[in-house]
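Me: Got a structure to go through with you. Can we start with the ligand and then look at the rings?

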Amino acid sequence: MPDRTAQQPGWWRDAVIYQIYIRSFADADGNGVGDIAGIRSRLGYLRELGVDAIWITPWYPSPMADGGYDVVDYRAIAPEFGTLAEAEELIADAHRHGLRMLIDLVPNHTSDRHRWFQEALASPPGSPQRARYVFRTGTGPGGDTEPNDWRSTFGGSAWTRVPGEDQWYLHLFAPEQPDLNWENPEVRDEFVDVIRFWLDRGVDGFRIDVANALVKDPMFPDVGPEAPDVLEPPERVDHPHWDREGVHEIYKSWRHVIEAYGGDRVFVAEAWVPTPYRLARYVRPGELHSAFNFDLLRCPWDADRLRATIDENLDAMGEVGASPTWVLSNHDVTRHVTRYGRSLTSGHGPRTERLEPVDLELGLRRARAGALLMLALPGGAYIYQGEELGLWEVEDLPDDVLQDPTFIRSDGRIRGRDGCRVPMPWSGDAPPFGFGPDGSQPWLPQPLAWKALTAQVLREDPGSILELYRSALRIRRELPAFRDGDLAWLDGPPGALLFERDATVLCAVNVTAAPFRLPEQSEVLLASAPLVDGLLPPGTAAWLRRAA
Ligand code: TEU
């Protein structure tokens, strides 16, 4: 087994990081969207939960065509979220609470309202202003047809025509998100400067949005008939715009920039790539520190597939001396209580109109077990806000409140990602459930049933999922076995996962097996559901300790 601690030691290798989707976390001023003041008021909650760090989704000025992933100014804060001074105070507060803080960097595209893009539109084809983005001449008579067949991740063509011209600009996401031209040194310099701007303000690192998209094939060839469906990572290597070799050079240069700051600051790549071995290339020595492994999140509740996913990722990361980073949910995918409440074969989507019925009780049971599985694995883990409350995907939001561009661009065929972005329920019996001041209207309506899932209610119930997360994070912190390291599989019945982290600490997950007896002479440290007659029932996980 490779020695995975051989390279790049550091806090991130086994850190638990909490993702804050800022619009939906806590709204201090009552305007319906979350804000920095709201986050500051909840740092105590996060410290008590026991996470090591937080990652905040984009907080920059933005027309919010894509929830803030359309940035107008990378060195400022959106007025609805607060001010730059408040951001600096939050960073300091987080540090006082013992929490590191990562922010979101969006280098693949800007907003179409960004000064650069406005200047590009106002300047002629071939001008330096246009060279910051990807403009191309259309094909066919008059340039009336798109330059090639590339598709937007949100549906439709990836090209939009400049009015009155034969020029088109590229947007791998919404038309309001024009792609930057990373062949242009000015673009490269700008982002190094942005990175320094925030490092100077004390952030501990960055999550890099679509880290696999920045570099495009300079020939702009058609993707061809195997063009993938939207929202699914392509299987193919040497794709003209995903996961190209050239991105690695950019990250090597960023590594030099961040190293110069010291203090263990980090990059985490968001890169939807076909295999863990492709992902591992982003975290080779001298490149990024970590990369989200979305395979666990894509994996259905099936013991063989879970085990294969875990093994493959440990192996791929081990080859480059990096540590895996596990994720069960985020702001882009169906919440895992809902995923796990569907058939064994369902992965992280799709969010089409025709949804199978969901068994939320089953989903919650598995989500609790899944949390103990994820938090027992070697490596780091991300918790998406609300998963510690057992929130489910809100699938019955009325059409007129939906904001995700996927809904609009797929003509309603895909419901989009709003259902995992519904504001957090903190307290009380009725909306806004303490998300904002009484009487305020959250930007998306919260289900009335969430009155049973508020942090306040769950905090008082020792059997709640919130208390399970807190206990798990406390034990994980206390026991050296959970530190950066390896695992060894033990024999278990079919449909079960059983592994040890060292000679004394074991994790047993009954995925879909018949109830089974836990290894002899072991004491249960924590279980996701009560044992029945000393047996571990299906959909249950337990952490065990045995005498060395
Ligand atoms: O997501 C990148 C991305 O590729 C996802 O759209 C992914 O393909 C999909 O969610 C899989 O189900 C990032 C952000 O996380 C997302 O919120 C943004 O919309 C997107 O970039 C554009 O900035």
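This is a predicted model: local features need pLDDT of at least 70, side-chain atom pairs count only at pLDDT 80 or more; totals for chains, interfaces and linings use all residues.

Me: How many residues surround the ligand, and which are the closest?
Reply: 18 residues surround the ligand. The closest are Asp66, His109, Arg207, Asp209 and Asp332.

Me: What classes make up that shell?
Reply: The shell has seven charged, six nonpolar and five polar residues.

Me: How far is the polar side-chain atom of aspartate 66 from a ligand oxygen?
Reply: That distance is 2.5 Å. For aspartate 209, a side-chain N or O atom is 2.7 Å from an oxygen atom of the ligand. Histidine 331 has a polar side-chain atom 2.9 Å from a ligand oxygen.

Me: And how much of the ligand's exposed area does the protein bury?
Reply: The protein buries 97% of the 490 Å² that the ligand exposes when taken alone.

Me: Switching to rings. How many aromatic pairs?
Reply: The count is 32 aromatic pairs. One of them is tyrosine 251 with tryptophan 254, edge-to-face, with 5.3 Å between centres and 70° between planes.

Me: Where do those two sit in the fold?
Reply: Both are in helix H6, residues 247-259. They are three residues apart, so about one helical turn separates them.

Me: Buried or exposed?
Reply: Tyrosine 251 and tryptophan 254 are both buried. They also belong to one aromatic cluster, whose members include Trp59, Tyr74, Phe206 and Tyr282.

Me: Which arginine lies over the face of tryptophan 426?
Reply: Arginine 42, at 4.0 Å from the ring centre. Arginine 130 lies over the face of phenylalanine 135, at 4.7 Å from the ring centre.

Key
Residues are numbered from 1 along each chain as its sequence is written. Side-chain values use heavy atoms; hydrogens and water are left out. Rings of Phe, Tyr and Trp (its six-membered ring) pair if their centres lie within 6.5 Å; planes under 30 degrees apart count as stacked, over 60 as edge-to-face and the rest as tilted. Helices (H or I, at least four residues) and strands (E, at least two) are DSSP runs, numbered from the N terminus. Buried means under 20% relative accessible area, exposed over 50%, partly exposed in between (1.4 Å probe, protein chains only). A charge sits over a ring if NZ of Lys or CZ of Arg is within 6 Å of the ring centre and within 35 degrees of the ring normal. A residue is near a molecule or strand if one of its heavy atoms lies within 4 Å of it. A polar contact is a pair of N or O atoms within 3.5 Å; within protein, one must be able to donate a hydrogen and the other to accept it, and residues adjacent in sequence count only if both atoms are side-chain atoms. Accessible areas come from the Shrake-Rupley method with a 1.4 Å probe; for residues, only the protein chains shown count as cover. Ala, Val, Leu, Ile, Met, Phe, Trp, Tyr, Cys and Pro count as nonpolar, Asp, Glu, Lys and Arg as charged, and the others, Gly among them, as polar.
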